[in-house]
Amino acid sequence: MTKKIKHILFVMPQYEIGGITISLYSLLSNIDTKRIHADVFAAPLGPYKGKMPNCRELPENVWLSYPMVHGSWAKRCFQCLAYGIRYILSKIGINILPFIHWIGGKSLHSDRYDAVVCFSEGQAYSVSSFPAKKKIQWIHCDYRRHLACNNPKHEYYAFQRYDKVVCVSDYGKKVFSEIYPEFAHKTIAIHNIIDVENIKAKAREVSNIDERFNTDSFTIVSCGRLDPVKQFSKIPEIAFKIKSMTECEFRWYIIGGGFEEEQLRIEEEINRLNLANAVILLGPKTNVYPYLANANLYVCTSQSESFPLVVNEAKALSIPIISNDFPSVYESVEDGVDGYITTIDDMPVKIAEFMESPLKIMPDRIDNQASLDAIYKLFEV
C-alpha cells in the first residue's frame, strides 16, 4: 500500500553557515520526496538561502522575521509598532509574545501541515505557540549549556507544548531527560544525517581554497565556531608540546569564526609561543571539505558536544580523528578504528605518536539508514 505523503514545515533561525543549517541541509538531501514534502521557514540570511534541497523555502513573515530585512516601508513600520507595544506591555508584566507567534504561525498556515518541526533549540519558545497538528522540537546541543543562557520558565512552557523532542545523540537525550524527567517519555535520539556524497563532491571543489593552506608537511585541521567550549585556545600549547616530542614538520589549521575574544586569545597564544608558521587561523569557510579531505588528521578539542558533526564529516572522508574525551564522541568514533579518543592533557603525546605511526582508516564508515528510518517513523506516527 502506498504511504501518504507527509507535509512538514521546518523552522530554523537563518541560512547562515553552522551545524543546524548543515544538519537540515543533509536531512533534506537524503529524504525520500515521495514520502515527505518539506517547506522551510527562516530569516533570509546566509549563503544557504535558496540552496536548501528537496524543499520550498517560504518568504519572510511580518510577524516572525524580526527585525525585517526586506519588505515595504509600511511593513517595517507596522513591525516596529507591534514589537514596541510588546516591549511596553512586558514592562508591566504582560507577555504577548505567544500571541504574536501564534499569529505568525497561523499566517504560515502551520496548522495545515502534518507536523511543524522547530529545528533549533533557540526557537523552542516561539514555535511552541504555533497552531499545529503535531509539534516536534530538535535539540542539537548539550541542553544544560543552552538552559544556562535562557529563561527556564519560558523553556518549560515551550516543552510542555511539543509532542516529541528529538536529541541528536543518546547522550543528548540522557541530559535532557535528566533535566525534564516529565518529558522523557516523548524524547528520542536520532543521529544527524551525514550527507556523504555531497561532502565528497564538495571536497573536490578546490578552486577557492585559501592560499595559506599548504599540505607539504603533516597537516592537521580543526573546524568549528570560535567558542570557548571548543577549546581552540589550547591548540597552540598542544602544538608547542608536540614540537618537543617529534621532528616531524606539521601545520595545524583552525577553520571557523565566532567570538572575537576567543580569536584574540588564540592569536595571543600563537604569538607567545612563536608558532605563526605552525598554527594558522584560516577564518570561516563556506566549504570546509577540501581542507578536511587534504588533511592527514582531524583533531577535535571540544570540551563537550551533543553530536560532533565535523568529526562525522571527517569520518565520511576517511580522515583519521583524534578527539578529546567527552560522552557523545563514543557514538561517532570507535577508538583504534576511526582514530583515537584521549584527554586534552594526553593529546600532544597521542598526536606525536600518530605522526610517527598513522592509522589507516577504512572507507564507508557512515550509515544513515537507521536515522532515516527513525525520521520517517517520527512523521508517520
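**View 1. I266, a residue of helix α10**. In this predicted model, we start with I266, which is found in helix α10. Is I266 buried or exposed? Its relative accessibility is 0%, so I266 counts as buried. Leaving out neighbours within four places in sequence, I266 is in contact with L226, F232, S233, P236, I254 and L281. Take S233 from that list: S233 and I266 sit 33 residues apart in sequence, yet their C-alpha atoms are 4.6 Å apart in space.

**View 2. An open sheet of 6 strands**. Reading across the sheet, the order is β10-β9-β8-β11-β12-β13, and the pairing is parallel. Which strands are at the edges? They are β10 (279-283) and β13 (339-342), and each of them pairs on one side only. On average, neighbouring strands here are turned by 20° against each other, ignoring direction. Now look at β8 (residues 218-223) and β11 (residues 297-300), which pair in the parallel sense over 2 bridges. If you pick out V221, its bridge partner in β11 is Y298.

**View 3. Helices α10 and α13 on the sheet**. Helix α10 (residues 260-272) packs on the sheet and touches β9 (250-255) and β10. The direction of α10 makes about 155° with that of β10. Helix α13 (residues 347-356) packs on the sheet too, touching β8, β9, β11, β12 (321-324) and β13. For α13, the angle with the direction of β12 is about 175°.

**View 4. The nonpolar cores**. The largest nonpolar core has 62 residues. Which of them touch the most other members? Those are F10, W138, Y298 and F379. Let's zoom in on F379: apart from its neighbours within four places in sequence, it is in contact with K6, I8, F10, I36, A115, V117 and I136. There's also a second, separate core of 29 residues, with F218, I238, L275 and I361 among its members.

**View 5. The buried residues of helix α7**. Helix α7 spans residues 170-179, and its buried residues are Y171, G172, V175, F176 and S177. What covers them? The cover includes strands β5 (135-139), β6 (164-167) and β7 (187-189), along with helices α5 (143-148) and α6 (152-159).

View 6. For C167, the nearest cysteine sulfur belongs to C141 and is 8.7 Å away. C167 counts as buried because its relative accessibility is 0%. C248, on the other hand, is partly exposed, with a relative accessible area of 25%.

**View 7. S126 and the backbone of Q123**. S126 is found in helix α4 (residues 124-127). With 17% relative accessibility, S126 counts as buried, since the cut-off for that is under 20%. A polar atom of the S126 side chain lies 3.0 Å from the backbone oxygen of Q123.

**View 8. Positive phi at N54 and D364**. Most residues other than glycine have a negative phi, so what is phi like at these two places? N54 has a positive phi, near 50°, and sits in the loop between β2 (36-43) and β3 (55-57). D364 is not a glycine either, and its phi is positive at about 60°. You'll find D364 in the loop between α13 and α14 (369-380). Are these residues buried, partly exposed or exposed? N54 is partly exposed, with a relative accessible area of 37%, while D364 is exposed at 67%.

Terms used
Residues numbered from 1 in each chain as written. Predicted model: local features only at pLDDT ≥ 70, side-chain atom pairs only at ≥ 80, totals over all residues. Heavy atoms only, no water. Pairing = 2+ DSSP bridges. Helix = DSSP H or I, 4+ residues; strand = E, 2+ residues; numbered from the N terminus. Axes fitted to C-alpha atoms, helices over the stretch in contact; angles between N-to-C directions. Contact = heavy atoms within 4.5 Å. Buried < 20%, exposed > 50% of the residue type's maximum accessible area, 1.4 Å probe, protein only. Disulfide = S-S within 2.5 Å. Core = buried A, V, L, I, M, F, W, Y, C linked by side-chain atoms within 4.5 Å. Polar contact = N/O pair within 3.5 Å; in protein donor to acceptor, adjacent residues only side chain to side chain.
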